[in-house]
Amino acid sequence: MKTRDDILVGLLITVAVVVTVVGSLWLARGGLSKGYPLYAKFPWGAGLKQGQPVLLVGVNVGYVDEVDLHMDGILVTTMRIGKNYNVPLTSKAAVIPNGIFGDMAVALTPSRPDPHSFKPGDTVPIGPSTPGITELTSKADSVMRSVNAITLALQQEMVASGGIRDLRNTIGATNHLVSEFASIAAEQSRQLSATMTSLRRATGAIDPVKVDSTVSNLRTASANMAAMSADLRATSGKLDVILAKVDSGNGTAAKLINDPGVYNDVRLLLQRMDSLVADIKKNPKRYINVSVF
Amino acid sequence: MSRDALGFFRKVGERGYFMRDIGRAFSDPRTYGPEIVRQMRNIGVDSLPLAAIVAAFIGAVTAIQTRYQLFGGVQLSVVGLISRQSIILELGPLLTGLVLTGRVGARITAEIGTMRVTEQIDALETLAYDPVAYLVVPRLIAALVMLPVLTILADAIGVLTAMVTALVATDLTAADFTAGLRLSFTPFQIVYSVIKATIFGGAIAFFCSYEGYTANVGAEGVGRSTAQAVVVTSVAILVLDALTAVLLAPYLQA
């Protein structure tokens, strides 16, 4: 009896210990095999913790084994990758949301297929992280706050301050204005139609023969005007030559215009003639002596 | 100071003396040593079916309740996560402790109480045996060892039952459940469960032994002590569970 108790108790304790060890290993590592380590350096606040899955193009290939906080703003994350999986060398690691409860996963995404793969202990470069539910919620919160503020402002402006009433009045006035515009447009259209009719009638009344004759006369007049213009141009040229000669000071006319001596002589001559005429009027007998016999 | 307060402190003091007696009795391994394995059998091995049945049903109910409480859009792996956390951190140790309070604690009180009222304990003292070393210490050691053992097995059975139930009775896949089961798991969660179970085992053995050791004369006294032992131990387990959670929960934060 005593031996049987010993065996049963020992068996129970052994089973419990085995369950503890194997269960912990299975839960923490996914099995007795730990996989090979790969590292990634994420910035603080990536939301990573031990046990989160590591996905290679969406397939669960490992788990986050350790997250070391470094005071330079980096979380050195140790990932354990199953030994039967190779991570292509072109892969980048990113923290992506896993579900809607804010849980995260590490996604390894190769830019293209690559026969070469990371070796155990390598560090996978990081790519851009997808915003998690926390960031999205925060964005949604800020958007909602803005919408609330806008709604409140609209409510105050449109309802409390009588904006809707003003808007309704404005719309009514606009409708009235539009109806007036419509009546004016209708009147204008009617008048325009009448004008067009008159114009069409006047156009129909024009005699084409007279029009041709008039055009022919206009063409002749235009030719005459062109000839006269040519004559005027020639005359103008000649006048230019004369004026050039006058400006040069050669010739009688030029000297008459340009020589101040001639001007003075003419002025003196006119003065003497004035005094002579005055003297003749004063003493006509001195100059005029009429004798009949 | 009121009579009730004085009575409370008196009871605390009496249990303090009893604890001191237990401490002294540990120095007499020749008395309690041979009894330990037998008590382990009584407390641990014989309680395994009951603990397993309770754990199995708790696991199944937890999985089903969790699945049908999820609203649309929530990933199904949450069922595995919540089942694991509920069973390992709370339900496994607590329900195992409460169940063993009824099965083992009542038995301890009744055994020791009967020995008290039939003056067998007095006879042990007459024979120069330390009754605390012979009756209490083996049960205390056995409970301290076997409660964690039973709790670990209950945790495992509960989680397995939850998984089987989730796969059979709901739309979960094995991949969904195991993904949640492994999410944010740390070995300290097992340690936490074991710590709780050890504390509960000590509480069961201590309070139930004390009630039996101080049982009043007569069959009615044994019955009253047994009922009181179950009530006191159950309340003590709940209080200790809360205290443990307050003290150790920060270390569980992943």
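User: How far apart do domain 2 and domain 3 of chain A lie?

Analyst: In this predicted model, the C-alpha centres of these two domains of chain A lie 123 Å apart. Domain 2 covers 33-130 and domain 3 covers 252-284, while domain 1 takes in 1-32.

User: What makes chain B and chain A partners in contact?

Analyst: Contact calls for heavy atoms within 4.5 Å. On that basis, 30 residues of chain B are in contact with 28 residues of chain A.

User: How is the size of an interface often given?

Analyst: It is often given as the accessible area lost when the parts come together. For chain B and chain A, the buried area is about 2,400 Å², and carbon and sulfur atoms give 73% of it. Of the area that chain B buries against chain A, Arg41(B), Arg182(B) and Phe185(B) supply 25%, more than any other three residues.

User: Why is the pairing of Arg41(B) and Asp5(A) called a salt bridge?

Analyst: The rule wants a side-chain nitrogen of Lys or Arg within 4 Å of a carboxyl oxygen of Asp or Glu. Here the N to O distance is 2.6 Å, so the pair of Arg41(B) and Asp5(A) meets the rule. Across the interface of chain B and chain A, 1 salt bridge is found.

Notes:
Residues are numbered from 1 along each chain as its sequence is written. Chains are lettered from A and ligands numbered from 1 in the order in which they are written. This is a predicted model: local features need pLDDT of at least 70, side-chain atom pairs count only at pLDDT 80 or more; totals for chains, interfaces and linings use all residues. Side-chain values use heavy atoms; hydrogens and water are left out. Buried area is the accessible area (1.4 Å probe) that two parts lose on being put together, summed over both. Domain bounds come from an automatic or database domain assignment.
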